[in-house]
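I wanted to see what I could look up in one structure in a single sitting. Here are my notebook entries, in the order I made them.

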Amino acid sequence: MDREKIIVIDFGGQYNQLVARRVRECNVYCEIYSYKTDIETIRQMKPKGIILTGGPNSCYEEGAPSASLELFKLGVPVLGLCYGAQLMMHLLGGHVCKAPVREYGKIEITVDHSSRLFSGVQDKTICWMSHNDYIENVAPGFRVIAYSDNCPAAAVESVEQGLYAFQFHPEVLHTVEGRTMLHNFVYAVCGCAGDWKMDAFVENTVKALREKVGDGKVLCALSGGVDSSVAAVMLAKAVGDQLTCVFVDHGLLRKNEGDEVEEVFGPNGPYRLNFIRVNAQERFYTKLKGVEEPERKRKIIGEEFIRVFEEEAKKIGKVDFLVQGTIYPDVVESGLGGESAVIKSHHNVGGLPDYVDFKEIIEPLRDLFKDEVRKAGLELGIPAKLVYRQPFPGPGLGIRIIGEVTAEKVRIVQDADAIYREEIAEAGLDKEINQYFAALTNMRSVGVMGDERTYDYAVVLRAVRTIDFMTAEAAEIPYEVLTKVMNRIVNEVRGVNRVFYDISSKPPGTIEFE
Ligand code: XMP
């Protein structure tokens, strides 16, 4: 079945995934491909429209990412954004050069309402700009449809050729009416019908899974995180007790988390899952003994996880299908989709695990962004509390403890983190901060408690605001809230005498603390 779709061609810009998400928010399916994708492949996908993203290069420089001229002659509407806009002009005979004034930030543009792209948009509207180069002369056949003080061609179009270009970023929320503009592009220009809806996706996927699995046996590694939970419930809806879920408690989960997962997915929960909980805490602590280096810890946890899972799988015997909760950003970030650099190897993408005897892998969420996975979860009736859980890394607290991991340190982080989460929720901040947790520095220092001298650990609190988890800023938490958390932690958690708040952004930091 040909699903109606828009294609995003990625030139290495930081907002590539955001563009695709915004299009999907218009109920139109959208996929990201590298600019190196050959033109025949693109043609065969029969896209309803193509969007070229921004990127860090100058299009007139030698070796800069480029596109085939044929891309503009497919008879499919093309919208270029920032670098994509400049490249379109450059390739089609316009002139792009270093701008006399670099534009960065929220800039007011004046739009021409005779363009379909600006239907319903105010005469003067705020856009997010970030460019050193600009379009000095537009390509033949194009006309200017928006300008700013320093950018004479902030948007251009050639309706006859079906080509459109914005110097600004409509996908970023700072562009106040960006959604309307993208909506206009996919509906008024590309003529999309808007058939990408989560209820239909869930229904169709459940049906397709049922057909695929037949009377086969399915195995799923359940972590309690959003992705594996949604994948498991989807399979449970499709094939009921042909599904077995294995939940490995590696002793690096948040406080009480193992029991919470068991409550929902265990034998007394609402789903008819065959649920196996493996309490492997001691095994993991033994393997991690004396290990300090972060990547090494990640490797050990990953490998041990596989070993435990393998042992359980062997007890079940042959299975036909193995479920993985891979989601679309994993696919893109592993370099399989777009152009973004591989920042971190994702343990759940690429390569089939060879440790379980199975016929085929099933990845029911492979096409979905995180917010779509959550919507699918709600459609499936998974409790909102679980669906809106904040991200939690696979290696768990193993990468929130600097230095050697011990049972004692795990206990300290779990207790401090539980207090922190409770107080953030109590202050009503839990919805606006994207990720927050306590971690343990490996630092011990002298303190005083009553009449006694202490030599205890320092806990660090982290809280970030982020859109895509690729960049992040530390959240500004009211001082009273931080003070209350500090007081409770030093009083209630044995072994801690100092609490720090981490104000670093990403970059140069990361979100996790390892
Ligand atoms: P960093 O620390 O790289 O984290 O800024 C970015 C986001 O990714 C999550 N993260 C992981 N998630 N397995 C996961 O499933 C991992 O190994 C892993 N490492 C980091 C992190 O929590 C944050 O949301």
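Predicted model: local features only at pLDDT ≥ 70, side-chain atom pairs only at ≥ 80, totals over all residues.

**Entry 1: charges over rings.** I began with Arg3, and its charged end sits over the ring of Tyr29, 4.2 Å from the ring's centre. For a charge to sit over a ring, NZ of Lys or CZ of Arg must be within 6 Å of the ring centre and within 35 degrees of the ring normal. I found another case at Arg444, whose charged end sits over the ring of Tyr457, 5.5 Å from the centre.

Residues are numbered from 1 along each chain as its sequence is written, and side-chain values use heavy atoms, with hydrogens and water left out.

**Entry 2: aromatic pairs.** How many aromatic pairs does a search of the whole structure find? I got 13. Rings of Phe, Tyr and Trp (its six-membered ring) pair if their centres lie within 6.5 Å; planes under 30 degrees apart are stacked, over 60 edge-to-face, and the rest tilted. I looked at Tyr164 and Phe185, which are edge-to-face at 6.3 Å centre to centre, with 70 degrees between the planes. Tyr164 is in strand β9 (residues 163–166) and Phe185 in helix α4 (residues 178–189), so this pair ties together parts 21 residues apart in sequence. My helices (H or I, at least four residues) and strands (E, at least two) are DSSP runs, numbered from the N terminus. Both Tyr164 and Phe185 are buried (under 20% relative accessible area; exposed is over 50%, partly exposed in between, with a 1.4 Å probe and protein chains only).

Next I checked Tyr328 and Phe369: their ring centres are 5.4 Å apart and their planes at 85 degrees, so this pair is edge-to-face. Tyr328 belongs to helix α10 (residues 328–333) and Phe369 to the loop between β14 (360–362) and α11, so the pair ties together parts 41 residues apart in sequence. Tyr328 and Phe369 are buried too. I also noted one aromatic cluster made of Phe11, Tyr35 and Tyr83.

**Entry 3: helix α11.** Which residues of helix α11 (residues 370–379) are buried? I listed Glu372, Val373, Arg374, Ala376 and Gly377. They pack against α1 (16–25), α5 (198–213), α6 (226–239) and α12 (384–387). After α11 comes Gly381, with a positive phi near 85 degrees.

**Entry 4: a sheet.** I traced an open sheet of 5 strands in the order β12-β11-β10-β13-β14, with parallel pairing. Strands pair if DSSP finds at least two bridges between them. β12 (274–279) and β14 stand at the edges with a single partner strand each, so one side of each has no neighbour in the sheet. I joined β11 (residues 243–249) to β12 through 6 bridges, and the bridge partner of Thr244 in β12 is Asn274.

**Entry 5: Asn497.** Is Asn497 buried or exposed? Its relative accessibility is 18%, so I put it down as buried. Asn497 lies in strand β18 (residues 496–501), and its side chain reaches the backbone oxygen of Ser445 at 2.9 Å. Leaving aside neighbours within four places in sequence, I found Asn497 in contact (heavy atoms within 4.5 Å) with residues including Ser445, Thr454, Tyr457 and Val490.

Definitions and conventions: Polar contact = N/O pair within 3.5 Å; in protein donor to acceptor, adjacent residues only side chain to side chain.
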